[in-house]
Amino acid sequence: MNNEFNKQLMLDNISYLLKETGKKIGELENDAGVSPGYISRISKEGNAKPGIDFIINVADSLNVSINTLLNVDLAEMTP
């Protein structure tokens, strides 16, 4: 099992879940307790890693487990 943090997989899953739920990125950032544009900034900064509070709040807001958010390629699971 690979325990390495995969930021791109997490961001891809966030994008996928936002589309599926119809939630806006600004709503998610608000729910997660981060500033507007935070997700965009961490996606552009190569070595930026989000904090655990952000990950917990995002998973909660999108109704997925932390494990699913970080380790499962959700786009690959759908037909």
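Helices here are DSSP runs of H or I with at least four residues, numbered from the N terminus. The structure is a predicted model, in which local features need pLDDT of at least 70 and side-chain atom pairs count only at pLDDT 80 or more, while totals for chains, interfaces and linings use all residues. Residues are numbered from 1 along each chain as its sequence is written, and side-chain values use heavy atoms, with hydrogens and water left out.

Contact means heavy atoms within 4.5 Å. Leaving aside neighbours within four places in sequence, Lys-23 is in contact with Leu-18, Leu-28, Asp-31, Ser-61 and Leu-62. On the same terms, Ser-61 has contacts with Lys-23, Leu-28 and Asp-31.

| Side chains | Polar contact |
|---|---|
| Ser-61 and Lys-23 | 2.6 Å |
| Ser-61 and Asp-31 | 2.8 Å |
| Lys-23 and Asp-31 | 2.9 Å |

Which residue forms a salt bridge with Lys-23? It is Asp-31, and the closest N and O atoms are 2.9 Å apart. A salt bridge is a side-chain nitrogen of Lys or Arg within 4 Å of a carboxyl oxygen of Asp or Glu. A search of the whole structure finds 1 salt bridge.

Is Ser-61 buried or exposed? Buried means under 20% relative accessible area, exposed means over 50%, and partly exposed lies in between (1.4 Å probe, protein chains only). Ser-61 counts as buried because its relative accessibility is 15%. Asp-31, at 41% relative accessibility, counts as partly exposed.

Ser-61 belongs to helix α4, which covers residues 52-61. The buried residues of this helix are Phe-54, Ile-55, Val-58, Ala-59 and Ser-61. Seen down the axis of α4, these buried residues fall within an arc of 165°, so they line one face of the helix. The arc is that of the directions from the helix axis to the C-beta atoms.

What do the buried residues of α4 pack against? Their partners are α1 (7-21), α2 (25-32), α3 (38-44) and α5 (66-71). On the other side of α4, Ile-52, Asp-53 and Asp-60 are exposed.

Take Ile-52 as an example from helix α4. Ile-52 counts as exposed because its relative accessibility is 54%. Together with Ile-56 and Ile-66, Ile-52 makes a nonpolar surface patch of about 250 Å². Nonpolar patches join side chains of Val, Leu, Ile, Met, Phe, Trp or Tyr within 5 Å, using residues with over 30% relative accessible area and no salt bridge. The accessible areas come from the Shrake-Rupley method with a 1.4 Å probe, and for residues only the protein chains shown count as cover.

Just after α4 comes Asn-63, which takes a positive phi of about 60°. Asn-63 lies in the loop between α4 and α5, and at 71% relative accessibility Asn-63 counts as exposed.

## Helix α2

Now for α2, where Leu-28, Glu-29 and Ala-32 are buried. Seen down the axis of α2, the buried residues fall within an arc of 100°, so they line one face of the helix. What covers them includes α1, α3 and α4. After α2 comes Gly-33, with a positive phi near 75°.

Ile-25 also lies in helix α2, and at 43% relative accessibility Ile-25 counts as partly exposed. Not counting residues up to four places away in sequence, Ile-25 touches Leu-18 and Ile-39. Ile-25 and Ile-55 are 30 residues apart in sequence, and their C-alpha atoms are 14 Å apart in space.

## Across the chain

Finally, look at Glu-4, found in the segment before α1. Glu-4 counts as exposed, with a relative accessibility of 60%. How many residues lie between Glu-4 and Asn-71 along the chain, counted as their separation? They are 67 residues apart, and their C-alpha atoms are separated by 9.6 Å.

How values were computed:
Helix = DSSP H or I, 4+ residues; strand = E, 2+ residues; numbered from the N terminus. Polar contact = N/O pair within 3.5 Å; in protein donor to acceptor, adjacent residues only side chain to side chain. Patch = residues over 30% accessible without salt bridge, like charges linked within 9 Å, V, L, I, M, F, W, Y side chains within 5 Å.
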